[in-house]
Amino acid sequence: MAESVAVPPGGTPFSGEEAREAAWRARDRRADGAFFVAVRTTGIFCRPSCPARPRRENVRFLATRTECLAAGHRPCLRCRP
Ligand SMILES: [Zn+2]
């Protein structure tokens, strides 16, 4: 695993789709709270470090909990985002 998190100048870590996907795949706990993983098929949303591993094509990355709730997702019972 990488020792450092790539932070774009003036930006925040995990602000891009690729950085989020990489953190989600690595179950990077540093990404918890930075973004959330919404799963279309189950209607839930998770922390990036959640042990639940939905298929990539069924997830999208949202910046806030509020966004997830507004999109109709419920918080995951395993990771309690
Ligand atoms: Zn979860």
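**View 1. Strands β2 and β4 side by side in the predicted model.** In this predicted model, strand β2, which covers residues 44-46, runs parallel to β4 and is joined to it by 2 bridges.

**View 2. The largest nonpolar core around Phe45.** This core holds 17 residues, and the ones that touch the most other members are Phe36, Val37, Ala38, Phe45 and Cys46. Two or more residues come from each of α1 (17-25), β1 (36-39), β2 and β3. When neighbours within four places in sequence are left aside, the contacts of Phe45 include Phe36, Val37, Ala38 and Val39, and also Cys68, His73, Pro75, Cys76 and Pro81.

**View 3. Arg27, a residue with positive phi.** Arg27 is found in the loop that lies between α1 and β1, and its phi is near 50°, a positive value in a residue that is not glycine. Arg27 counts as partly exposed because it has 15 C-beta neighbours inside 10 Å.

**View 4. Arg80, in the segment after β4.** Arg80, which lies in the segment that follows β4, is not a glycine and yet has a positive phi of about 45°. With 9 C-beta neighbours inside 10 Å, and therefore within the limit of 12 or fewer, Arg80 counts as exposed.

Note on methods: Residues numbered from 1 in each chain as written. Predicted model: local features only at pLDDT ≥ 70, side-chain atom pairs only at ≥ 80, totals over all residues. Pairing = 2+ DSSP bridges. Helix = DSSP H or I, 4+ residues; strand = E, 2+ residues; numbered from the N terminus. Core = buried A, V, L, I, M, F, W, Y, C linked by C-beta atoms within 7 Å. Buried ≥ 20, exposed ≤ 12 C-beta atoms within 10 Å, placed from the backbone. Contact = placed C-beta atoms within 7 Å.
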